[in-house]
Amino acid sequence: MAAVAAAAGTFARRMARSGVLFPRSSPQVWPQAARQPPGLLPAQRRAFSNNKILVELDTSSGVATMKFKSPPVNSLSLDFLTEFCISLEKLENDRACRGLIITSAIPRVFSSGLDITEMCGKSTEHYAEFWRAVQEMWIRLYGSNLVTVAAINGSSPAGGCLIALSCDYRIMVENPKYVIGLNEAQLGIVAPFWFKDTFVNAVGHRAAERSLQLGLLHSVPEAHRMGLVDEVVPEEKLQEKAVAVMAQWLALPDHARQLTKSMMRKTFRTLSSSHPKTPSRSHFQRTWRC
Ligand SMILES: CCCCC/C=C\C/C=C\CCC/C=C/C(=O)SCCNC(=O)CCNC(=O)[C@H](O)C(C)(C)COP(=O)(O)OP(=O)(O)OC[C@H]1O[C@@H](n2cnc3c(N)ncnc32)[C@H](O)[C@@H]1OP(=O)(O)O
């Protein structure tokens with residue numbers, strides 16, 4: 001009981017720190033417009049925002065768009081991760097929402113991955129809290145019942161790549177400057193097994209092994225060839241394509257698609273049930289030499 005109260009206290013403190021704002025008159029359940037045949041209702045949009053993430057829900061299509069807006073590079077800080085989980089939970093609890101498009105409002109970067117400043121010179125408690133937040137983000141997104149589409153409009157190394165990999169479908173903008181991959185080995189660290197498993201699920205064992213051992217950041221055409229991204233589009237077509245892909249996925253009955261997704265994503269259950277222990281302070285200090 002004490003542990004539950006402590007966890008609730010930690011979550012409340014994280015929420016307060018994250019500065020999440022909910023619309024004052026937001027109803028518990030938004031209208032069920034998503035279940036209406038398209039065209040009967042005028043498009044309705046609802047939005048909520050906090051410091052680092054903006055969410056807009058089109059209640060006529062049931063599709064929400066989540067935009068990362070944490071300059072300079074959308075790094076995944078504890079506050080960012082907290083806001084992400086709260087936003088996702090809010091959408092999942094909303095019966096008007098069936099699909100989520102994730103993209104960036106920051107030019108040239110989707111997400112730079114875990115915030116390196118969160119992993120240096122902090123207390124053991126902070127490392128534990130940070131690492132729990134990283135795992136929670138992945139568990140929630142990878143296991144989400146929503147259709148999730150990553151609209152990758154910039155570079156996406158390490159944890160940024162994990163977010164994209166956790167979605168059901170990845171569309172990336174063609175740009176010779178953009179790269180994506182799990183580059184942990186290049187940084188002298190090891191991608192956790194659930195990063196690895198999520199990567200293997202997308203690209204297969206051989207491609208993942210080579211890419212992970214070399215810590216490769218792939219160009220967009222290379223990422224497309226190996227199946228790390230599903231489609232490549234010019235920047236101006238990204239949103240249109242994401243909406244079209246979403247419509248295709250949402251055409252199916254939710255329950256069949258959701259059960260199929262859950263069946264395919266078995267790693268999710270492994271991590272959820274095994275509760276891997278948090279890396280120690282000395283582990284973080286050794287890893288980042290700080
Ligand atoms: C279950 C048991 C588990 C055990 C686990 C054990 C230990 C845990 C330890 C490790 C965890 C492993 C998994 C790690 C995952 C990660 O995600 S690590 C982070 C990896 N990220 C990167 O390597 C990205 C580095 N950044 C870049 O490549 C580029 O910044 C860019 C994203 C391509 C953008 O380039 P550009 O537009 O040119 O911007 P700048 O490089 O000039 O950067 C601007 C400022 O942003 C700062 N910054 C960049 N990335 C980060 C980051 N990840 N965190 C914090 N800050 C970042 C950069 O320093 C610049 O700051 P200043 O302007 O100089 O102040």
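Author: Start with an open sheet of 4 strands, in the order 5-7-9-10, with mixed pairing. Its edges are strand 5 (108-109) and strand 10 (218-219), and each pairs on one side only. Two strands pair if DSSP finds at least two bridges between them. Helices (H or I, at least four residues) and strands (E, at least two) are DSSP runs, numbered from the N terminus.

A word on the source. This is a predicted model, where local features need pLDDT of at least 70, side-chain atom pairs count only at pLDDT 80 or more, and totals for chains, interfaces and linings use all residues. Residues are numbered from 1 along each chain as its sequence is written, and side-chain values use heavy atoms, with hydrogens and water left out.

Back to the sheet. Strand 9 (residues 179-181) joins strand 10 over 2 bridges, in the antiparallel sense. There, Ile-180 stands opposite His-218 of strand 10. Helix 4 (residues 159-166) packs on this sheet and touches strand 7 (154-157) and strand 9. The direction of helix 4 makes about 100 degrees with that of strand 7. Contact means heavy atoms within 4.5 Å. Axes are lines fitted to C-alpha atoms, for helices over the stretch in contact, and angles run from 0 to 180 degrees between N-to-C directions.

Ser-211 sits in helix 6 (residues 205-214). It counts as buried, because its relative accessibility is 1%; buried means under 20% relative accessible area, exposed over 50%, partly exposed in between (1.4 Å probe, protein chains only).

The axes of helix 3 (residues 124-142) and helix 4 come within 9 Å and cross at roughly 20 degrees. The two helices are therefore roughly parallel: angles under 35 degrees count as roughly parallel, over 145 as roughly antiparallel, 65 to 115 as roughly perpendicular and the rest as oblique. From helix 3, Met-137, Trp-138, Leu-141 and Tyr-142 meet Leu-162, Ile-163 and Ser-166 of helix 4. By class, this contact has 6 nonpolar, 1 polar and no charged residues. Ala, Val, Leu, Ile, Met, Phe, Trp, Tyr, Cys and Pro count as nonpolar, Asp, Glu, Lys and Arg as charged, and the others, Gly among them, as polar.
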